[in-house]
Amino acid sequence: MLRPKKRTRNDCDGTLDCAESACAGLYVCKCGPTTPEDATLPASCIDLKDNDCDHLTDCEETACAFSAGCCTKTPMNATSETGAQCTDGLNNDCDPAGADCADPDCRISSDAGSVGVESGPTCKDTLDNDCDGQSDCLDQDCRSALECCTATMGQERTETSCADGVNNDCDAQGLDCADPDCALDAACCRPVVGGESTEKLCQNLRDDDCDGQIDCADPQCSGTYDCCVAYLKKNRVELTTSEAGLCGDAYDNDCDGTLNCRDSDCGGVKTCGGIIIISPNPPVATE
């Protein structure tokens, strides 16, 4: 004799799911039918029903948190999202638009506390601080931020890299002309009036007259004391306190700015023999 067939959920007895007597006590069968429950359907968040049968009702649903029926204004009299509220993750004004950048209020906010552009630390906080639809390194505002920098050329030394708006070597100095690597680049050089002609300009490690020569390597600096001393040192000539006795050696031995017979130490042109040797002043190399 055949035994009666035991009933199960998938027992092919002609009844489905909640129609099965064995399913009658299940929550999903007492709850249904299921419908969405979220802030896009405001009524679903205040109808006292568990519409999607997940054991959460109305404001208990995370998806209903921004619904006007569940939202608490912050502050209590808030009428719009503004300033720092645009990055706090709350629907401060409890409007159907939603929170932060989803709310059009934040796209025009310019109050103190709002972030007008992405920059520096905000380029790695995972937020769209300026509500332009782009966050962090995907935002053009972050193009020059060190947080988003990727070295491309090692060092900025060519006109192309010194005027491309990119921090090519990713150093803290910055991009293009802000980087000392670009000091000699034509795109960054701004000549000073008079060129390299003072002690200060001849010691600042810059090409002040934009001629491609820096400090003592520039002939304009040859008459300055420090460059004269460097020139003597390069040629292994001792610095003296007087030119006397050294009036024909092609060096301004005391670095007073007058050479050989022009120096009063030599007695002047008439007593020195009238021969004035002019130093060629080649570029000075530091040791």
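Among contacts (heavy atoms within 4.5 Å) between residues at least 6 apart in sequence, 23% join residues at least 24 apart. The model is predicted, with local features needing pLDDT of at least 70 and side-chain atom pairs counting only at pLDDT 80 or more, while totals for chains, interfaces and linings use all residues. Residues are numbered from 1 along each chain as its sequence is written, and side-chain values use heavy atoms, without hydrogens and water.

**Overall build**
- The chain has 3 helices and 0 strands, where helices are DSSP runs (H or I) of at least four residues and strands (E) of at least two, numbered from the N terminus.
- Of its 287 residues, 32% are buried, that is, under 20% relative accessible area with a 1.4 Å probe, protein chains only.

**The aromatic pair**
- The whole structure holds 1 aromatic pair, a term for rings of Phe, Tyr and Trp (its six-membered ring) with centres within 6.5 Å.
- The planes of Tyr-231 and Tyr-251 meet at 50° and the ring centres are 5.9 Å apart, so the pair is tilted (under 30 degrees is stacked, over 60 edge-to-face, the rest tilted).
- Tyr-231 belongs to helix H2 (residues 225-234) and Tyr-251 to the loop between H2 and helix H3 (268-272), so the pair ties together parts 20 residues apart in sequence.
- Both Tyr-231 and Tyr-251 are buried.

**Asp-252**
- Asp-252 is located in the loop between H2 and H3.
- A polar atom of the Asp-252 side chain lies 2.9 Å from the backbone nitrogen of Gly-257.
- Beyond neighbours within four places in sequence, Asp-252 contacts several residues, including Cys-228, Leu-232 and Thr-258.

Note on methods
Buried means under 20% relative accessible area, exposed over 50%, partly exposed in between (1.4 Å probe, protein chains only). A polar contact is a pair of N or O atoms within 3.5 Å; within protein, one must be able to donate a hydrogen and the other to accept it, and residues adjacent in sequence count only if both atoms are side-chain atoms.
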